[in-house]
Amino acid sequence: MASALSHAAVAVALGQGFRQDIVTARWLLAGMACSVVPDLDVLGYFAGIQYGDLWGHRGMTHSLPFAAVWGGSLAAVLSRGSSPVTRASLALYLILCTASHGVLDALTDGGLGVAFLSPFDTTRYFFPFRPVAVSPIGVREFFGHWGWLVLVSEGQWILLPAAVMGLGLRRLRRSRDYRSSSVRQRP
């Protein structure tokens, strides 16, 4: 898996593509939380759930259907009273943040793969290009030589591209906002 830091960085980058009055700092925090929620499946180890099981690590909680249900439901609950456009935008944002977790994990060089289509198909997938060093499960293991190698790998393959993506999305959003405001000001 990629580290929580990298998952959260992608959520912040994705938020740059949405209007600032919709994806506020509060919603960026919700997006960051959604980006790491799929890894709560590691708690299943304590309940005897095996890695390759439906609810095992990188199983159901890493799937696209889970991302749609989790992100959409959370947005519906947290955006009550908002306009339909705002609710839809927030749902899309939280779904993308949750789904990004499995995408990043499918880029790592370890594990069994990601069950993107679970529960409909429990096949585990990786992308053909897997440059990201897999992060250790456990805090103790992360703060050692292995964790350092993971951070260097993620810096190159996730954090730097996320920063570029975030800046590009912010520039695109500002350009779009500028065009729409100048259209409204015309007589």
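## Packing of helices α2 and α3

The axes of helix α2 (residues 25-36) and helix α3 (residues 64-78) come within 11 Å of each other and cross at roughly 150°. Because angles over 145 degrees count as roughly antiparallel, α2 is roughly antiparallel to α3. The crossing of α2 past α3 is right-handed. These descriptions refer to a predicted model.

On the α2 side, the contact is made by R26, W27 and C34, and on the α3 side by W70, L74, A75 and L78. Sorted by class, this contact of α2 with α3 has six nonpolar residues, one charged residue and no polar residues.

## Salt bridges

Side chains of opposite charge can pair when their charged atoms come close. In this model the count comes to two salt bridges.

One of them joins D105 to R58, with the closest N and O atoms 3.6 Å apart. D105 belongs to helix α4, whereas R58 is in the loop between α2 and α3, so the pair ties together parts that are 47 residues apart in sequence. Both D105 and R58 are buried. A salt bridge also links D21 with R19, and here the closest N and O atoms are 2.7 Å apart. D21 counts as exposed, because its relative accessibility is 54%. R19, at 37% relative accessibility, counts as partly exposed.

Most residues other than glycine have a negative phi, and most peptide bonds are trans. Two sites in the model are described here against that background.

R58, the partner of D105 in a salt bridge, has a positive phi, near 65°, although R58 is a residue other than glycine. R58 is located in the loop between α2 and α3. The relative accessible area of R58 is 1%, and R58 is therefore buried.

P119 is found in the loop between α4 (84-105) and α5 (139-142).

S6 lies in helix α1, which covers residues 4-15. Because buried means under 20% relative accessible area, S6 counts as buried at 0% relative accessibility.

Which residues is S6 in contact with, leaving aside its neighbours within four places in sequence? These are L104, E154, I158 and L159.

Notes
Residues numbered from 1 in each chain as written. Predicted model: local features only at pLDDT ≥ 70, side-chain atom pairs only at ≥ 80, totals over all residues. Heavy atoms only, no water. Helix = DSSP H or I, 4+ residues; strand = E, 2+ residues; numbered from the N terminus. Buried < 20%, exposed > 50% of the residue type's maximum accessible area, 1.4 Å probe, protein only. Contact = heavy atoms within 4.5 Å. Axes fitted to C-alpha atoms, helices over the stretch in contact; angles between N-to-C directions. Parallel < 35°, antiparallel > 145°, perpendicular 65-115°, else oblique. Left-handed = near helix turned anticlockwise from the far one by under 90°. Nonpolar A, V, L, I, M, F, W, Y, C, P; charged D, E, K, R; others polar. Salt bridge = Lys/Arg side-chain N within 4 Å of Asp/Glu carboxyl O.
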